[in-house]
Amino acid sequence: MSNEGWKDLAPGGLIQDAGNSAEYETGGWRALRPITDMDKCTDCMLCHIYCPDSAMLLKDGKHGGVDLRYCKGCGICAQICPPKAITMVMEAEPKEGAK
Ligand code: SF4
Ligand code: SF4
């Protein structure tokens, strides 16, 4: 058994660089993905405010879809979208024969 003290242990759980969440792509967790019907979208930008991962994209100052590198598929955007322009769909249909 080692006689190391706490000062000898390697440091862990430290966040050393500010703004490092941009490097942590949460899209890999996603089971559902949001699809926007741009014909229904009124560019109210509520989804941009509510998205917990700041995954909404701007295009020419308007809603420009979702950055799927960061969208984790929580569905909040679909819930709050006033004209119901966002629909959550399965990320991938199960392969034939898969259980
Ligand atoms: S599903 Fe969740 S994480 Fe993805 S864009 Fe909508 S609010 Fe953001
Ligand atoms: S909440 Fe709905 S209507 Fe508003 S910008 Fe997002 S997708 Fe468009």
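This report describes the cavities, ligand surroundings and selected residues of a predicted model.

## Basis of the model

Residues are numbered from 1 along each chain as its sequence is written, while chains are lettered from A and ligands numbered from 1 in the order in which they are written. In this predicted model, local features need pLDDT of at least 70, side-chain atom pairs count only at pLDDT 80 or more, and totals for chains, interfaces and linings use all residues, with side-chain values resting on heavy atoms and leaving out hydrogens and water.

## Cavities

Two cavities of 30 Å³ or more are present in the structure. A cavity is a set of points, on a 1 Å grid over the protein atoms alone, where a 1.4 Å probe fits but cannot get out; its lining residues have an atom within 4 Å of a point. Grid points are joined across faces, edges and corners, and the volume is the space filled by probe spheres set on them.

The largest cavity has a volume of about 90 Å³. Its lining comprises 15 residues, with Cys51, Cys71, Gly73, Cys74 and Cys77 nearest the centre. By class, this lining holds eleven nonpolar, two polar and two charged residues; Ala, Val, Leu, Ile, Met, Phe, Trp, Tyr, Cys and Pro count as nonpolar, Asp, Glu, Lys and Arg as charged, and the others, Gly among them, as polar. The second largest cavity contains about 70 Å³ of space. It is lined by 13 residues, and those closest to its centre are Cys41, Cys44, Cys47, Cys81 and Ile86. Nine nonpolar, three polar and one charged residue make up the lining of the second largest cavity.

## Ligand surroundings

Ligand 1 takes the space of the largest cavity, where a molecule sits in a cavity if more than half of its atoms lie within 2 Å of its grid points. Around ligand 1 there are 13 residues, of which Cys51, Cys71, Cys74, Gly75 and Cys77 come nearest; a residue is near a molecule if one of its heavy atoms lies within 4 Å of it. The shell of ligand 1 divides into nine nonpolar, two polar and two charged residues.

Ligand 2 takes the space of the second largest cavity. Its surroundings include Cys41, Cys44, Cys47, His63, Cys81 and Ile86, and its shell has eight nonpolar, two polar and one charged residue. The structure holds zero disulfides, a disulfide being a pair of cysteine sulfur atoms within 2.5 Å.

## Residues at the ligands

Cys77 is buried, because its relative accessibility is 9%; buried means under 20% relative accessible area, exposed over 50% and partly exposed in between (1.4 Å probe, protein chains only). Cys44, in contrast, counts as partly exposed at 39%.

Gly75 lies in the loop between β3 (62-66) and α2 (76-80); helices (H or I, at least four residues) and strands (E, at least two) are DSSP runs numbered from the N terminus. With 11% relative accessibility, Gly75 is buried. The C-alpha atoms of Gly75 and Met88 are separated by 6.6 Å, although the two residues are 13 apart along the chain.

Met90 belongs to strand β4 (residues 86-90) and is partly exposed at 47% relative accessible area. Between Met90 and Ala31, 59 residues apart in sequence, the C-alpha to C-alpha distance is 6.2 Å.

Asp60, which is not a glycine, has a positive phi of about 55 degrees. Asp60 is placed in the loop between β2 (56-59) and β3, and it is exposed, with 74% relative accessible area. Lys84 likewise has a positive phi, near 55 degrees. Lys84 is in the loop between α2 and β4 and is partly exposed at 47%.

How values were computed: 1 Å grid on protein atoms, 1.4 Å probe; cavity = no way out; pocket = protein on both sides within 12 Å on 5 of 7 lines; lining within 4 Å.
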